[in-house]
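These are my notebook entries on a structure that I looked through. I began with the packing of helices and went on to the backbone and the chain contact.

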Amino acid sequence: MAGANNTNGAQGVFGSSIRRREDPELITGQAKYTDDLQLSGMVYCTILRSPYAHARIRSIDASQAEALDGVLGVFTAKDIEESGIPGAIPVGWLLPDMKIPEHYMLVKDTTRYVGDGVAIVVAEDQYTAHDALELIWVDYDPLDGVADPHKATVEGAPLVHEEAPGNIAFDWEIGDQEKTDAAFANAAHIASLDIVNNRLIPNAMEPRAALADYNSITGELILYMTTQNPHIHRLLMSLASLGLPEHKIRVIAPEVGGGFGSKIHHYADEALSAWASMQVGRPVKWTATRTETYLTDAHGRDHVTHGELALDAEGRFIGLRVDTYAAMGAYLSTFAPAVPTYLYGTLMSGEYDLPAIYCHVYGVFTHTVPVDAYRGAGRPEATFVVERLVDEAARVSGIDPAEIRRRNFIAPDNFPYATQVALEYDSGNYAGTLDKALATIGYDDFRKEQAAARERGQHLGIGLSAYIEACGLAPSAVVGSLGAQAGQWESAVVRVHATGKVTVYSGCSGHGQGHETTFAQIVASALGVPYEDIDVIEGDSGVMPHGWGTYGSRSAATGGSAIASAAQKVVDKARTIAAHLLEASEEDLAFEDGQFFVKGSPDQTQSLPDVALQAYLAHNLPKGIEPALEATSFYDPANFVFPFGTHIAIVEICSRTGHVTLQRYLAVDDVGNVINPMIVDGQVHGGIAQGVGQSLYETAVYDESANLLSGTMLDYAVPKAHFLPSFETDRTVTPCPHNPLGVKGVGEAGTIASPAAVVNAVVDALSPFGVTHIDMPVTPEKVWNAMHS
Amino acid sequence: MYPSKFDYHRPSSVQEAVQILSANPEAKVLAGGHSLVPVMKLRLATPTALVDIGRIEELQGIGRANGSLRIGACVTYHEIANSDVVREAAPLLAEAAGQIGDRQVRYRGTIGGNLSHADPASDLPAAALALDATLHVSGPNGSRSVGASDFFVDLMMTALQLDEILTAVEIPAAQAGSGSAYVKFEHPASGYALCGAAAVVTRTADGSCASASLCFNGVSATAVDAAAVASSLVGSDLSDAAIESAVNENLSIPDPTGDMFASAAYRQELAKTIGAQALCTARDRA
């Protein structure tokens, strides 16, 4: 292997592109995922799923399935009810006047989406468990269904839940309607767009899985599962689903192969596996088939929106008005209500000094799998609305898209900036990323090239997306006041062993982000201990203090800050011991490269390992100092973090086929201080790929009866490597002012920025044809129709 | 992703394979397995037995004799795409085979499996049609030969009987002065052809068109032979303009396919563009 792993100890570890220590195991197939685990006596669970989007169940006859050799049992909702557990799949974010229909672990009498769980089989092997599903006879009375979130609110639409008239789960608003309407009354120009934000299927490489091992003697449940947040799952399993005491449940995340949000949520399937283990007294494994992934993993996006941006005669934005129908699907998933509200409406100011904003959102029940957080969660939808409207505003006002953005940016000396939609941006330099991006892409030259190409009948387009995201969610008291039934602080333990080696425990739960590498980099720099001497452990509720997991680009900003705080506590304690050993006062000590010494006398030192040994021996500790050397930190952030940037896409469109070729893609991001540039680039690349997927390829298609038509990888187009150009990335650095590392989040930046950049580029290319908007995914046929209509 | 129960047979001769198939109408032939096994895992196909012909010697091999190319049914896409013999005698087939799926698929999938499965969006049916391939078939009553134009009956239906096996594909070797091209516009999800055009043209000494052939994948229930386009080109100078007008005026796709990704109307337009592109490239290579 090339020398990139030679870290030369601790010096300069923070900020260097160390190769991910996770990768050798992953790429050689040695890593153990949930489905790889085998327990003695293990049996298998399969789940019978409704083939109808909406149906009443008249009866279920499982006698043939139960009689099949190797079947231990077939269970329905009735069996769960009789077992006396709570059996609920709860929603974890409450909005005022929100309708919260019952969501039980299995359907009691009415199915509400294709894939809704009807019964489970437990059998000795997977084949028998699948065979038995075909022997359960369910008498369904099919009912009308509706999948479109706007149509679902029209009078006469089939109701998903009787208690939610018009299928409205919640009616939410933010901003000042009166002030905004007044701004529009005085507008010189109004940009107006109808936008569909297409529904997406997450497609983590590893499907969801659970292996539950219940011990009826001790009453303990060990649940291995594909989770981004083991402690949240333990909490919800305990409180809402299984009713077991929290301390009797241990949730372990083995290697987890991607999530993108889909493994945050608390689904019925993992709870059913655990309950099944309690019933049959054996370990029970369930692994989703790819079909089940499509049918049951919470989908993303699915908005129908009307948006308007008002401008004065100088091209300054004076008001933004947004009206959105956001699909919730058939039930309210774990954090679903937050996504199109506090993660969406609050982002409507974008990077702009916008004096009046009003955003109104209907959360709508539809006969589809629930919709919840998917990479970016609300912020890609908001960015798409804002950045499409800004391009449309440029068109109606005749101002260049780059110039109109610059003219309306919040100025660098205007921070902290309180938006009209509840956020306080702490820092930013938006023109900085815009200027860098325009220079790198050669914006002025491109415009000349574009004009020349048009003369030749060639259609090139350029699209900007100047995005902001609010991530690293955020002071717990604030999110609590907004409806979260969770805290948003993070925990860390930094344990220095007697030999000076270090184990770090984090309440985050990585599933591809590279925490074992980056978190070790943080500690190596903080303690001056060689990177190689530090291990990072995550994802086991039985091992580390309570944490809230990995999602919302929070791990570096909250988990990393918790680790930095704990490491600082370790240094503080070590300093006290070192001062005692050096017979000096603490104030006189310096700490550099892992060595304590009296300032000006670097000859006599106590290294951190020296101090650790003394701390464990405890033969000679200062008065009042406890033995051992470790610290725990629970870090509650002071605010969100606010990464931002400018992304630029250049496309070429084939006028004969409508095919869009992404020629160049440039991302200039500002994610604050960077722990590992290679990992940040990787995160940006992956996010862009998924955002390009949304803009050009991906969409979940339901028919009029709410059947999922795009239910396999033959129909649902995940972007492939050869569809994408080599991405260009660059950065500016505006450190976060309120956390100890100055870091912000990066995991979602690519998906937030890129859909608008790509669609803006397509619309730019098609502008000679009078095209002002085109919905995602921008398929060849849509483009062809736009050019030939 | 767990198929229903099935028996597995691994005959060592075509004759033995046919016997098993004759005795068991619910059996299916397994070649590369890249179409059959996925549908079995989804339980969309539930054969009670698989007859694995992958190790039958007589179904292997690429040979050239008497002006024609003979390819055993179990020859893989990879072998076809990389065979010097095929590249010389039937470059169109090599080009089409090289565009199927991805590397893993090309190492396992076979020409016989592809043509017998008769997925109209796959890449080989149009090539077989355009090359006027002859398909050799063995059954309980011996062997017979079927022309490609009679082989593809309907969506995933061929002239094969349940107890027959496609054993080899025979293709007349490319003539001097001919050129061919396979141009594919792929579905971004499946990688199958939204529209794939296989073209062959032969030019006379003065450069005019002596003969032509243009066939399509992906646009209808079977591969489509656009014979009217081809015949209208004969005698033309094969200029871009001649090709475009031949395609625009004479291309008609019977019952064009429409789906959630691309409508029938769009596919017809696409066929004109892709078809013309294939013909132009074939001309340039002639």
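I took axes as lines fitted to C-alpha atoms, for helices over the stretch in contact, with angles running from 0 to 180 degrees between N-to-C directions. Helices (H or I, at least four residues) and strands (E, at least two) are DSSP runs, numbered from the N terminus.

Entry 1, conventions. I noted that this is a predicted model, in which local features need pLDDT of at least 70, side-chain atom pairs count only at pLDDT 80 or more, and totals for chains, interfaces and linings use all residues. Residues are numbered from 1 along each chain as its sequence is written, chains are lettered from A and ligands numbered from 1 in the order in which they are written, and side-chain values use heavy atoms, with hydrogens and water left out.

I looked up helix H9 (residues 379-397) and helix H10 (residues 401-408) of chain A, whose axes come within 9 Å and cross at roughly 110°. H9(A) and H10(A) are therefore roughly perpendicular to each other (angles of 65 to 115 degrees; under 35 is roughly parallel, over 145 roughly antiparallel, the rest oblique). I recorded the crossing of H9(A) and H10(A) as right-handed (the near helix is turned clockwise from the far one by less than a right angle).

For contact I used heavy atoms within 4.5 Å. On the H9(A) side I found A:Glu387, A:Val390, A:Asp391, A:Ala393, A:Ala394 and A:Ser397, which meet A:Pro401, A:Ile404 and A:Arg405 of H10(A). The residues of this contact divide into 5 nonpolar, 1 polar and 3 charged (Ala, Val, Leu, Ile, Met, Phe, Trp, Tyr, Cys and Pro are nonpolar, Asp, Glu, Lys and Arg charged, the others, Gly among them, polar).

I found a cis peptide bond from A:Phe415 to A:Pro416, with omega near -5°; A:Pro416 is in the loop between H10 and strand E16 (417-418) of chain A. Another cis bond joins A:Met776 and A:Pro777, with omega about -10°. I placed A:Pro777 in the loop between helix H18 (749-765) and helix H19 (780-788) of chain A.

I looked up which residues take part and found 27 from chain A and 24 from chain B. Chain A and chain B bury about 2,200 Å² between them, 63% of it on carbon and sulfur atoms (accessible area, 1.4 Å probe, lost on being put together, summed over both). I noted that A:Arg656, A:Thr657 and A:Glu781 supply 24% of the area that chain A buries against chain B, more than any other three residues.

How values were computed:
Buried area = accessible area lost by both parts, 1.4 Å probe.
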